[in-house]
Structure formats: structure tokens, C-alpha cells
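The sequence and coordinates come next.

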Amino acid sequence: MKKIKNEAELVKKAIIIGEKYAINRGYKGFSSTNAAKDKIESLYRLLVNDKLIQPLPVVQENQVNMKHKLALWLAKQLPKDHPLLK
């Protein structure tokens, strides 16, 4: 798995944007008590279900790989000159 520049910041932004996407899809949203790992897994599964990202093989489904997938998803959505991609 190739490391992405600013991956941590991309994941944080992906959670924010992913939550807005989930709300638009009819999900109630996350409460402030939900852990980040729960948000990441929920968003990953929603994006896989909507066929917006490729699913990971079952043996590779872990937090690190899910974070990486969310970061890749967001990186593809951002314009090429966005500061997080530099």
C-alpha cells in the first residue's frame, strides 16, 4: 500500500464529507459520542455499498486499510491543486 501525503488530514476531511454524504442518503448522522473508528468503518461500508470505492478483501479489512481507502476516495474528489494533495 503506497503512503499518501497528508493522509491523516485527508482522512479527517473524508469523515466530514462522508458524514454529509451519509446524511444526504438518509442516514441520521453520527452523534458526538461515536468514536472515529466507528465513523470510518460506517463510511467505508456505505461507500462500498454505493459502489463509490472498491471493497477490500475480507482478510485486509482493518482500520488502517479503511482509512487509506477513505483518503484515496477523497483525494480523487479534490482538485489537483488542492493544498492537501501537495
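Where is the place of Asn-6? Asn-6 sits in the segment before H1. Helices here are DSSP runs of H or I with at least four residues, strands are runs of E with at least two, and both are numbered from the N terminus.

This is a predicted model: local features need pLDDT of at least 70, side-chain atom pairs count only at pLDDT 80 or more, and totals for chains, interfaces and linings use all residues. Residues are numbered from 1 along each chain as its sequence is written, and side-chain values use heavy atoms, with hydrogens and water left out.

**Confidence and fold**

The mean pLDDT of the chain is 92 (the predictor's confidence in each residue, from 0 to 100). Of its residues, 100% reach 70 or more.

The chain holds three helices and zero strands. Its pattern along the sequence is α-α-α. The C-alpha atoms fill a box of roughly 35 × 30 × 25 Å along the principal axes.

Contacts are heavy atoms within 4.5 Å. Of those with a separation of 6 or more, 61% join residues 24 or more positions apart. The accessible surface is about 6,000 Å² (Shrake-Rupley, 1.4 Å probe), and 54% of that area belongs to carbon and sulfur atoms. Buried means under 20% relative accessible area, exposed over 50%, and partly exposed in between (1.4 Å probe, protein chains only). Of the 86 residues, 35% count as buried.

Asn-6 has a positive phi of about 60° although it is not a glycine. Asn-6 is partly exposed, at 29% relative accessible area. Lys-51 also has a positive phi, near 60°, and is a residue other than glycine. Lys-51 lies in the loop between H2 and H3. It counts as exposed, at 73% relative accessibility.

**Charge pairs**

Side chains of opposite charge can pair when their charged atoms come close. A salt bridge here is a side-chain nitrogen of Lys or Arg within 4 Å of a carboxyl oxygen of Asp or Glu. The whole structure has three.

| Pair | Closest N and O atoms |
|---|---|
| Asp-50 and Arg-25 | 2.7 Å |
| Glu-41 and Arg-45 | 3.1 Å |
| Arg-45 and Glu-61 | 3.3 Å |

Arg-45 lies in helix H2 and Glu-61 in the loop between H2 and H3, so this pair ties together parts that are 16 residues apart in sequence. Glu-41 and Arg-45 both lie in helix H2, four residues apart, about one turn of the helix. Glu-41, Arg-45 and Glu-61 are linked in a network of salt bridges. Glu-41 is partly exposed at 30%, Arg-45 at 38% and Glu-61 at 29%.

Asp-50 is partly exposed at 22%, and Arg-25 at 42%.

Which side chain of opposite charge is nearest to Lys-69? It is Glu-61, 10 Å away. Lys and Arg count as positive, Asp and Glu as negative; His and the chain ends are not counted. Lys-69 is buried yet has no salt bridge. Its place is in helix H3 (residues 63-77). Not counting residues up to four places away in sequence, Lys-69 touches Tyr-44, Ile-53, Gln-54 and Leu-56.
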